[in-house]
Amino acid sequence: MKNYAARIKKLEISALLLLLLAGIGKLRAQDPMFSQFYATPAVLNPAFAGTTNAPRFSAAFRNQWPTVTAEGSAAYSTYAASWDQFSEGLNSGFGLLLLSDNAGGGMLKTNAVTANYAYRIAVSEDLNIRLGINAGFRQSQLDWDKLVFFDQLDPLTGPTGTTNELRPEVLTRTVFDVGAGLLAYGEKFYGGISLNHLTTPQEGFLQRTNPVLVDGLPLRVSLHGGAQFIVRPGNKRRPASFVSPNAMFVQQGGQGQFNVGAYYNHGLVFVGSWYRHAFSNPDAVIVLMGFQYDIMKIGYSYDYTVSGLSPSGGSHEISLVFNLDNSEKLKQKRFSGRYNDCFKIFR
């Protein structure tokens with residue numbers, strides 16, 4: 001009986017994945033988004049590449065809905081790692097992003113590598129604009145043998161182990177992907193827009209004759225902005241304390257979310273809280289805490305689900321950033337350690 005219940009749960013996961021793969025109706029696949037958007041800003045907008053002069057390395061891990069499992073492992077998990085820095089001579093920022101997403105406990109895996117570039121335009125002393133682009137490859141892999149279909153379950157005897165569904169000819173698909181973004185900022189405020197998957201690459205595995213059902217990976221539109229207000233100025237012995245309210249709107253394939261909240265940094269520690277609302281329902285309350293010392297910054301956040309998916313266990317997220325700009329040696333040698341912009345939350 002326990003095994004049968006487990007297969008039922010696996011069937012639910014499989015059914016959701018099949019709907020996403022087939023693109024049935026208005027249900028479309030959506031990119032994973034991190035609650036700690038500031039830790040891996042390249043996921044949000046390529047124009048963020050090079051907001052530090054020295055190299056910045058970051059990594060993030062997200063475990064979404066931990067109580068929903070498949071084959072004894074987490075059903076939905078996402079990893080990201082990135083590098084970026086600014087070149088004064090070229091007035092440009094460069095970066096590299098690696099992203100890995102695991103859905104259904106390995107049923108559907110997506111890996112991506114993306115190069116980011118951003119060019120800075122100084123409009124005035126108080127206003128700068130960054131124009132960003134990204135380009136790279138995405139690879140999707142479907143483990144067909146892990147899927148469980150409705151015709152494999154008998155209401156009396158349980159799973160039969162056979163299915164009449166036809167196995168796709170191709171279970172691994174690699175596509176080229178591009179995106180663009182714009183970022184405007186000053187000393188206290190920033191705002192931007194990004195457009196990802198401009199080519200709407202075809203990632204589906206199921207063959208469809210109706211072109212309406214094979215639109216490709218939907219365009220993702222992101223609007224984001226925030227501010228930075230110094231609470232206590234910094235000095236040689238201590239960093240500045242500040243509060244940074246932020247908002248983010250993301251839409252992709254008829255789905256989307258709106259995040260609003262604030263980040264507060266005080267000395268070596270930082271905390272934050274956001275509220276995320278989906279298009280049709282409230283989604284989650286996000287709480288954040290972390291520690292920053294010298295070049296290292298580590299944060300943990302938890303998404304407390306307030307929708308009907310509350311039994312899913314919410315989401316856990318951990319981020320780690322190494323920003324060489326924050327080292328005392330580089331501050332003394334090359335930089336003042338102070339920027340005339342509002343990006344402390346990203347550093």
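Is Phe-249 buried, exposed or partly exposed, and what is its relative accessible area? Phe-249 is partly exposed, with a relative accessible area of 24%, where buried means under 20%, exposed over 50% and partly exposed in between (1.4 Å probe, protein chains only). The model is predicted, so local features need pLDDT of at least 70 and side-chain atom pairs count only at pLDDT 80 or more, while totals for chains, interfaces and linings use all residues. Residues are numbered from 1 along each chain as its sequence is written, and side-chain values use heavy atoms, with hydrogens and water left out.

**View 1. Tyr-190 and Phe-346 form an edge-to-face aromatic pair.** The structure holds 19 aromatic pairs, counted when ring centres of Phe, Tyr or Trp (its six-membered ring) lie within 6.5 Å, with planes under 30 degrees apart called stacked, over 60 edge-to-face and the rest tilted. In this pair the centres are 5.7 Å apart, with 75° between the planes. Because Tyr-190 lies in strand S9 (residues 189-196) and Phe-346 in the segment after helix H3 (328-333), the pair ties together parts 156 residues apart in sequence; helices (H or I, at least four residues) and strands (E, at least two) are DSSP runs, numbered from the N terminus. Both Tyr-190 and Phe-346 are buried.

**View 2. Phe-249 and Phe-279 form a stacked pair.** Their ring centres lie 5.9 Å apart, with the planes at 15°. Phe-279 counts as partly exposed, at 43% relative accessibility.

**View 3. The charged end of Lys-297 sits over the ring of Phe-270.** The distance to the ring centre is 5.3 Å, and the term requires NZ of Lys or CZ of Arg within 6 Å of the ring centre and within 35 degrees of the ring normal.
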